[in-house]
Amino acid sequence: MLSVALIISFTLVSLACVFSLVRLLIGPDLPDRILALDTLYINAIALIILFGLLQGSPLYFEAALLIAVMGFVGTLALSKYLLRGDIME
C-alpha cells in the first residue's frame, strides 16, 4: 500500500516540478520567475524526502534539510536584490 502511495506521490510532485519549470522559463517578469524557482526547489525537496522514504535511509532527510536552508537564503537574497538593488547594505 505504501509503495502505491509513493508512486502516486512521485508522479504528482514530478508533475508539479514540470509546471514550475515551465513557469520559470516563460514567466512574464522576474518576481514570477523567482517564485517559480522557489516552488521548484521545494518540489525537489519533496522528491528527495519521498526517495528517502522509499529507501528507508535518514541521510536523504538531512540532505533535504540542507537544501531547504540554502534555498531559503537564496530566495531571500534574490528578493532583497529585487527590492533594493543590492544584497548587502
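The model is a predicted one. Its protein chain has three helices and zero strands, and from the N terminus on the elements run α-α-α. The radius of gyration is 15 Å, well over the 12 Å that the globule rule gives for 89 residues, so the chain is more spread out than a compact globule.

**Overall shape and surface**

- Along its principal axes, the C-alpha trace of the protein chain spans about 50 × 25 × 10 Å.
- Of the 89 residues in the protein chain, 18% are buried.
- The chain exposes about 6400 Å², and carbon and sulfur atoms supply 77% of that area.
- If you take the contacts between residues at least 6 apart in sequence, 47% of them join residues at least 24 apart.

**Helix α1**

- Helix α1 covers residues 2–26, and its 25 residues should span 36 Å at 1.5 Å a residue. The C-alpha atoms at its ends are 36 Å apart, which agrees with that expectation.
- Four names make up the buried list of α1: L6, V13, C17 and S20.
- The cover over these buried residues of α1 includes α2 (30–55).
- S14 also lies in helix α1, but with a relative accessible area of 32% S14 is partly exposed.
- S14 and A44 are 30 residues apart along the chain, and their C-alpha atoms are separated by 8.5 Å.

**Helix α2**

- Helix α2 has 26 residues and reaches 37 Å from its first C-alpha to its last, close to the 38 Å expected at 1.5 Å a residue.
- The buried residues of α2 are I34, A36, D38, Y41, N43, I45, L50 and G52.
- These buried residues of α2 pack against both α1 and α3 (59–84).

**A closer look at I34**

- I34 lies in helix α2. Its relative accessible area is 11%, and the cut-off for buried is under 20%, so I34 counts as buried.
- Leaving aside residues up to four places away in sequence, I34 touches T75, L78 and L82.
- I34 and R23 are 11 residues apart along the chain, with their C-alpha atoms separated by 9.7 Å.

**Helix α3**

- Helix α3 has 26 residues and reaches 38 Å between its first and last C-alpha atoms, close to the 38 Å expected at 1.5 Å a residue.
- G85 follows α3, and its phi is positive, near 90°.

**The salt bridge**

- The structure holds one salt bridge. It joins the side chains of D32 and R23, at 3.7 Å from N to O.
- D32 has a relative accessible area of 23%, so D32 is partly exposed.
- R23, at 40% relative accessibility, also counts as partly exposed.

**The aromatic pair**

- A search of the whole structure finds one aromatic pair. F51 and Y60 form this pair, which is edge-to-face, with 5.1 Å centre to centre and 90° between the planes.
- F51 is partly exposed, at a relative accessible area of 33%.
- Y60 counts as partly exposed too, at 28% relative accessibility.

**Points to keep in view**

- For a tour of the helix packing, you could begin with α2, whose buried residues pack against α1 and α3.
- For side-chain pairs, have a look at D32 with R23, which meet in a salt bridge, and at F51 with Y60, which form an edge-to-face aromatic pair.

Methods:
Residues are numbered from 1 along each chain as its sequence is written. This is a predicted model: local features need pLDDT of at least 70, side-chain atom pairs count only at pLDDT 80 or more; totals for chains, interfaces and linings use all residues. Side-chain values use heavy atoms; hydrogens and water are left out. A salt bridge is a side-chain nitrogen of Lys or Arg within 4 Å of a carboxyl oxygen of Asp or Glu. Buried means under 20% relative accessible area, exposed over 50%, partly exposed in between (1.4 Å probe, protein chains only). Helices (H or I, at least four residues) and strands (E, at least two) are DSSP runs, numbered from the N terminus. The expected span of a helix is 1.5 Å times one less than its number of residues. Contact means heavy atoms within 4.5 Å. The radius of gyration is taken over C-alpha atoms; the globule rule is 2.2 Å times the number of residues to the power 0.38. Accessible areas come from the Shrake-Rupley method with a 1.4 Å probe; for residues, only the protein chains shown count as cover. Rings of Phe, Tyr and Trp (its six-membered ring) pair if their centres lie within 6.5 Å; planes under 30 degrees apart count as stacked, over 60 as edge-to-face and the rest as tilted.
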